[in-house]
Structure formats: structure tokens, C-alpha cells
Amino acid sequence: MKKKITQLVLTVLLSSSYSFIFGQGLKSDITVDKLPQEVKQVLENYITILSSSASYEDCATKFTQIAGGGLIDESLNKVTLRTATKTYSLKKDFDNIKFYANPIVIKRVSVSPSRTSGFGESAITGTIYKIFIEKKAGGVGLPAPISIMVPKNHPKIKSPKVINVGSL
């Protein structure tokens, strides 16, 4: 009897943890058609940069234009990628983009209002769209998230920026 109760409790906990951990059906989710066009354009730009750059250095140079928040240096006078972003996160996405559907297939979108990303001059506050993209047909693994922020009230940064990479 104790074994059955333990199994039942574990089943309930794991099934509710699954939706919490993997974010299935969260209240913060929106339908893909509600994703703002400017955010979708930045996502498509990022995927194009990853998949069509001639080299990793070329990819990093192009990505700098759409990167924001904690991915870039604090000074906006000369925007550069942080060393960890360039060496690890962006490199991982550059190497693994080949495992994802092209054109991209958006599985789900989660929205987090009023968050801040970055430090110093590069710190931006705004709405974050965490967009999960599908792997190629037959690919193994869960959809990967890419976070894009629409900044609010920043004196210099007006367009959406990719603020989290390295999950592909």
C-alpha cells in the first residue's frame, strides 16, 4: 500500500514539475501569431546570421548588431560581445544551428514583462520574448529557447535585442 501511495505522489509531482520545468502551457505563454513582427524579424536575423556566416568570426561580428543586455560590453560607444558570450554561448549556437529546422519552426513563446538585462550603459529593461524553436524533422531533443527583449525607455537602444543565447 505504501509503495502505491509513494508511486502516486511521485507521479503527480513529476507530472506537475514537467510542466513547470519545460514550460508547457504556462500562463506567460502566447500564441505564435501574437509574437510581434519586430521580434520575429530579430529572431530570423539571428538564425540567418548563424546559418549563413562564412566563419565563426564573421558570425560574431554580424551578431554584435542585434545582441544586447548582458551579452555585450557596458559601453555603448563601441559595442562588443562579452568574452564569455563570444567564446561559449554564441560558439555553441553557431556549431549547433545545423540541428534546427530551416526555415525556423517556432514551437512556443513565453513572455516576461518588465525585466532587466545587462550592466552599465548596456542595461536594458523591457519585455522578454522567450522563443522556443524546433529541431529538424527526426531530430532528438527539446526545442531550444532564444530570448529577445523589446527595450522600454532606454535613451539609445530602441530596437529589440537578443539577450540570451547558447541553448541550441
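Lys62 comes out as partly exposed, at 35% relative accessibility; the label covers what falls between buried (under 20% relative accessible area) and exposed (over 50%), with a 1.4 Å probe and protein chains only. This is a predicted model, in which local features need pLDDT of at least 70 and side-chain atom pairs count only at pLDDT 80 or more, while totals for chains, interfaces and linings use all residues. Residues are numbered from 1 along each chain as its sequence is written, and side-chain values use heavy atoms, leaving out hydrogens and water.

Lys62 pairs up with Asp58 in a salt bridge, their closest N and O atoms 3.2 Å apart; the term asks for a side-chain nitrogen of Lys or Arg within 4 Å of a carboxyl oxygen of Asp or Glu. The two sit four residues apart in helix 3, so about one helical turn separates them. Asp58 is partly exposed too, at 25%. Helices here are DSSP runs of H or I with at least four residues, and strands are runs of E with at least two, numbered from the N terminus.

The whole structure holds six salt bridges. One of them joins Asp29 and Arg108 at 3.0 Å, N to O. Asp29 belongs to strand 1 (residues 29-30) and Arg108 to strand 2 (residues 106-117), so this pair ties together parts 79 residues apart in sequence. Arg108 is buried, at 9%, whereas Asp29 is partly exposed, at 22%.
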